[in-house]
Amino acid sequence: SFPTRRSSDLQLSTSGPGIALFSPGMTTGIPEGSNFLMEEFVRPEDIGRHVRAGDVTAFCTGSPGNYHLRFLGGYPDEETGGEYPVALRLGVEIRGGEIWVTDLFWLSDFPKSCPPDQVVKLPDGFYHVTVLTRKPESGRWGDDQTILIYLQPLPEMPQLMWQGAPLLLPSEEW
């Protein structure tokens, strides 16, 4: 089972402008090698539809870069929210006991395998996903940026309002 606090940490270098999260058990209908990014995940309304469904969820980081992702259980406390003021609330459904964490560009050649250091083991079910970050000390987004990802189990998929791509940036940088 997923621990309440500190869980999986992983490093992810991206060449694209975002990070995708999905459970391979939710994407069995997507053919290996298909260009899911351009066929199903490029128009804002399509991105929003997938994010609301929780099958393939993603967020825009604003730039390629090196990211330190820390996966935690539950919801962030008020102090953590103050330290990491840029936040998003998403949802995801897990089937098959794991979630894959990939560069958004991987969706252009849809993977049917994932490096073990980019896989987080979780019980099947629905999750609220709270994503928090802050600008790195260098002042450059993506420069060894820490992103906290909290996963809270839910009895059903949360109702999300996303109509387009979720942006993990302060609103003044949109």
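In strand β7, Lys121 is the bridge partner of Glu98. This pair belongs to the contact between β6 and β7, which run antiparallel and are joined by 3 bridges. Strands and helices are taken here as DSSP runs, numbered from the N terminus, with E over at least two residues for strands and H or I over at least four residues for helices; two strands are considered paired if DSSP finds at least two bridges between them. The model is predicted, and local features therefore require pLDDT of at least 70, side-chain atom pairs count only at pLDDT 80 or more, and totals for chains, interfaces and linings use all residues. Residues are numbered from 1 along each chain as its sequence is written, and side-chain values use heavy atoms, with hydrogens and water left out.

The β6-β7 pair forms part of an open sheet of 4 strands in the order β3-β2-β6-β7, with antiparallel pairing. Because β3 (56–60) and β7 (119–121) stand at the edges with a single partner strand each, one side of each is left without a neighbour in the sheet. From one strand to the next the twist averages 20°, where axes are lines fitted to C-alpha atoms (for helices over the stretch in contact) and angles between N-to-C directions run from 0 to 180 degrees. Within this sheet, strand β2 (residues 18–22) pairs with strand β6 (residues 98–103) in the antiparallel sense over 4 bridges, and Phe22 stands opposite Trp100 in β6. Strand β6 is mostly covered, with 6 of its 6 residues buried; buried denotes under 20% relative accessible area, exposed over 50%, and partly exposed the range in between (1.4 Å probe, protein chains only).

A further open sheet is formed by 5 strands in the order β1-β4-β9-β8-β5, and its pairing is mixed. Its edge strands are β1 (9–14) and β5 (86–94), each of which pairs on one side only. Neighbouring strands of this sheet are turned by 25° against each other on average, direction ignored. Strand β1 runs antiparallel to β4 (residues 65–73), to which 6 bridges join it; Leu69 in β4 is the bridge partner of Leu10.

When neighbours within four places in sequence are left aside, the contacts of Phe59 (heavy atoms within 4.5 Å) include Ile19, Leu21, Leu88, Leu90, Val131, Ile147 and Leu168.

Gln145 is found in strand β9 (residues 145–154). With a relative accessible area of 1%, Gln145 is buried. The side chain of Gln145 reaches the backbone nitrogen of Gly142 at 2.8 Å. Not counting residues up to four places away in sequence, Gln145 touches Asn66, Tyr67, His68, Thr133, Arg134 and Pro136.

In helix α2 (residues 44–53), the buried residues are Asp46, Ile47, Gly48, His50 and Val51. The elements covering the buried residues of α2 include α1 (36–40), β3 and β5. Gly54, whose phi is positive, near 80°, follows α2.

Side chains of opposite charge can pair when their charged atoms come close. A salt bridge is defined as a side-chain nitrogen of Lys or Arg within 4 Å of a carboxyl oxygen of Asp or Glu, and by this rule the count comes to 8 salt bridges. Asp46 counts as buried at 10% relative accessibility. The side chain of Asp46 meets that of Arg43 in a salt bridge (3.0 Å, N to O), and Arg43 counts as partly exposed at 44% relative accessibility. Asp46 also forms a salt bridge with Arg49, the closest N and O atoms being 3.2 Å apart. Both Asp46 and Arg49 lie in helix α2, 3 residues apart, about one turn of the helix; Arg49 counts as partly exposed, at 38% relative accessibility. Salt bridges that share partners join Glu40, Arg43, Glu45, Asp46 and Arg49 into one network. Asp143 forms a salt bridge with Arg140, with the closest N and O atoms 2.9 Å apart, and Asp143 is partly exposed, with a relative accessible area of 26%.

Methods
Polar contact = N/O pair within 3.5 Å; in protein donor to acceptor, adjacent residues only side chain to side chain.
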